[in-house]
Amino acid sequence: MQFPIAVVYENGNDISIHSGINKYFKGNKMYCTIWGKMIRQLREEKKISLEKLSRGFCSKQALSNMERGDVQADKLLMDLILQRLGKSTDRQEPILSWESYHLEETIDRLEQSIWQGELEKAGIYREEFLRLIVRGKNRAAGEYVRFNGGIKQQPSFGSSSGGWGSPKKLDRVREMYWHRIHAQWAYWIDKDETTAVRELFAAAELTMPGWSKQRLEYYAVSTVEMENLLALARLGFIRHKREHGQNPGAFCGQMHREHWILPESTFILRDESRGRKVFTIYTFLCECMQYIRRAFTDGQERAKIFAKCAWLLSYLEEEQGNLPEACRLCEEAAEGLRNYDISAFLVPLLERLSTCYGRALEVCGSAFMAGSMLSYPWQRNWKELMGRCARYITALRHVYERCGLDFQTSVSIFMKSYQKFYHLDYELIRGERLAQGITREKMAEGIYQSGKTLGGLEIGKKGIHGKNFGMLMGQIALEKERYNTFVVSDSYAVLELREELDRCMGRKEYDRAGELFRELEAKLDTENDENIRILFYLRWLLEFRRDGVACREILKKCWQLLGRTYHIAKGVETDGIPNLKMLRERLFYRVPMRAEAGIIDQIALLLHRLGYVEEAKEVYRAVIESIHKSEVAACYRYGLYALLSGNLAKCLRSVELSREALRFELGCGKLNSLGFSMMTWACAIEDDSPDRAECHEMILDAYYLCELSKNYKYGEEIKKYHNDMFGSSELD
């Protein structure tokens, strides 16, 4: 179906707009992505049975009910199902209840505080985690801890893992998380490897029953479950290293030949040719790697888990003397993280690469001295590879140090990369009701007995359940489900296409972005209002990159497009230019949705190009303020906060905002904006200080960070700026 707007393609690349907006929305249908249908399609494409996909967490009938839309999975279960299908959950834009969101935030903060050794915080989060996951009387006890406003002081468990207690009546997914976190506590805080192994084994057994006696192909394994298995393998590796590390030959033999003994079971695989059962940590990691390559079809999800498996496996390959294979594994893993802008786990991989390159250089040097000829895999410029790797590590270390962060942090298999976009149902409903001038009594008609009930819901005291959520969305004219996406489609491939387009835009690969846009346009249902709006926005974004575009005209259309779902107070903007006083007082009444956020950023960019710099700054500030007012942590709105805070820092040429943007990017485990933010910081220093040495070092770091994140176009701009400013060709 052709997009119903007059479009001219010039030379196959440029895209021009020649018409208005509103008439194309009249009478078009609206619907949301139906996740049950998408899950069924993904399952059938992969030829995974209901029994296999549901194994370990629910019955076949329960999963069938979810696919038909009769039952809606909670957030943790939805994540596990999608990951078992090899897909990422980061393409969702869920509208969560407070309890569902709060549970995930608590798990994340608890894992992070354990890994970082923050015992007091970990004790508080652990108590809240226990209260949240236990059903019955304990579930209603106490008040919720609101993390964004600071940690509410509650009694701590102390450092002993004996305070964990025995939660009852948990569903399998929540109980799996319980054992997984208990294992982390035992390992990182109590230094008790035996308990950590036992708890990880229990976590794996809960959702993959009998896993130690079956091949992985028997299961559909999620990212979370694979992390549990890799962490278990890591502990086995550490034990063997401790016992045999003084004797390298014995250590290698043990790792490659010795049976792996686990609690209550010997980890076994059937070797039919010999008629006996054999299993080692090395063969297990090879099986994990094979499964990851085959089953994790989503590039982003595969990159995250592949990196952790490759990191572990590279140690065994190195100890066996197979340095080229160790390098190849880490290079492939690092390339995957770079492709998807993930910095979480990148530093450990680069450090492994640096070590392996150094050892390979020694081997080649010894062979040269002995007059020996090494095989083809050894014939590489190890010195050059080692130097480039060292430069990336140096640039990353400087970022950490400048942000006041510890560069040499412990490496955890459970390190996370955030790229989420969450909303709280009661914040969204309350904000829209007030913006539209609807009373509580009117809003509650036909749904609740009185407006008082709605009042309790709007402050998050009670959850919004079942059909009531859909009816409330209808009252505020938002066609949204619990789980939404960034485009409306039943094809997961279309969601991945949209994400790839965004990556190309971020890297200034505009020709490729134009090709992807046309592909996306052909695949989307363009009778859907939401998709029409998204395509309008993307077209304007591409148009904006050309010189001589009618910025004022596009700006007016952006305000019109935003106003279709975001209720702009009367008088805030006139002829596309916002009134500063009213902008500060009246916008933004809620955190924008993903589609709205892109339009808002475009408005600010257009204002800046037209010379309305103060107005552009206030748009950025107003949205950022709305994020800070929300009870959803900024890391769960990564794409929005990173984009706006980085652009505001550039507008203001602010050292402090640049540092904040860098800290946020590192905290979320992301890579793509590090070079941009470092360059902004360098330019701010250039303005404020006559000391050019520091500025010079930061520009060099910015260049290598751009190269590391594959932001080559921006890197070339930095190189030109550097050579012009310092009269040097150092980066050539």
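Visitor: Which residues does phenylalanine 129 touch, leaving aside its neighbours within four places in sequence?

Guide: This is a predicted model, and in it phenylalanine 129 is one of the residues with the most contacts inside the largest nonpolar core, which has 221 residues. Once the neighbours within four places in sequence are set aside, its contacts are Leu103, Thr106, Ile107, Leu110, Tyr177, Trp178 and Ile181.

Visitor: How many residues are in the second, separate core?

Guide: That core includes Ile438, Leu457, Leu472 and Ile476. Its number of residues is 17.

Visitor: How much of the protein chain is buried?

Guide: The protein chain has 32 helices and 10 strands, and among its contacts between residues at least 6 apart in sequence, 71% join residues at least 24 apart. Of the 732 residues in the chain, the buried share is 57%.

Visitor: Which glycine takes a positive phi just after α16?

Guide: Within the helix, several residues are buried, including Trp382, Cys389 and Tyr400. Just after the helix there is a residue whose phi is positive, at about 75°, and this is glycine 404.

Visitor: How are the rings of tryptophan 311 and tyrosine 315 arranged, stacked or edge-to-face?

Guide: The two residues are 4 apart in helix α13, so about one helical turn separates them. Tryptophan 311 counts as buried because its relative accessibility is 5%, under the 20% limit, whereas tyrosine 315, at 25%, is partly exposed. Their ring centres are 5.4 Å apart with 90° between the planes, and as an angle over 60 degrees falls in that class, the pair is edge-to-face.

Visitor: Why does the pair of tyrosine 638 and phenylalanine 664 count as stacked, and how far apart in sequence are the parts that the pair ties together?

Guide: The ring centres lie 5.9 Å apart and the planes meet at 10°, which is under 30 degrees, so the pair is stacked. Both residues are buried, tyrosine 638 at 4% relative accessibility and phenylalanine 664 at 13%. Because tyrosine 638 lies in helix α28 and phenylalanine 664 in helix α29, the pair ties together parts whose separation in sequence is 26 residues.

Terms used:
Residues are numbered from 1 along each chain as its sequence is written. This is a predicted model: local features need pLDDT of at least 70, side-chain atom pairs count only at pLDDT 80 or more; totals for chains, interfaces and linings use all residues. Side-chain values use heavy atoms; hydrogens and water are left out. Buried means under 20% relative accessible area, exposed over 50%, partly exposed in between (1.4 Å probe, protein chains only). A nonpolar core is a set of buried Ala, Val, Leu, Ile, Met, Phe, Trp, Tyr and Cys residues joined through side-chain atoms within 4.5 Å. Contact means heavy atoms within 4.5 Å. Rings of Phe, Tyr and Trp (its six-membered ring) pair if their centres lie within 6.5 Å; planes under 30 degrees apart count as stacked, over 60 as edge-to-face and the rest as tilted.
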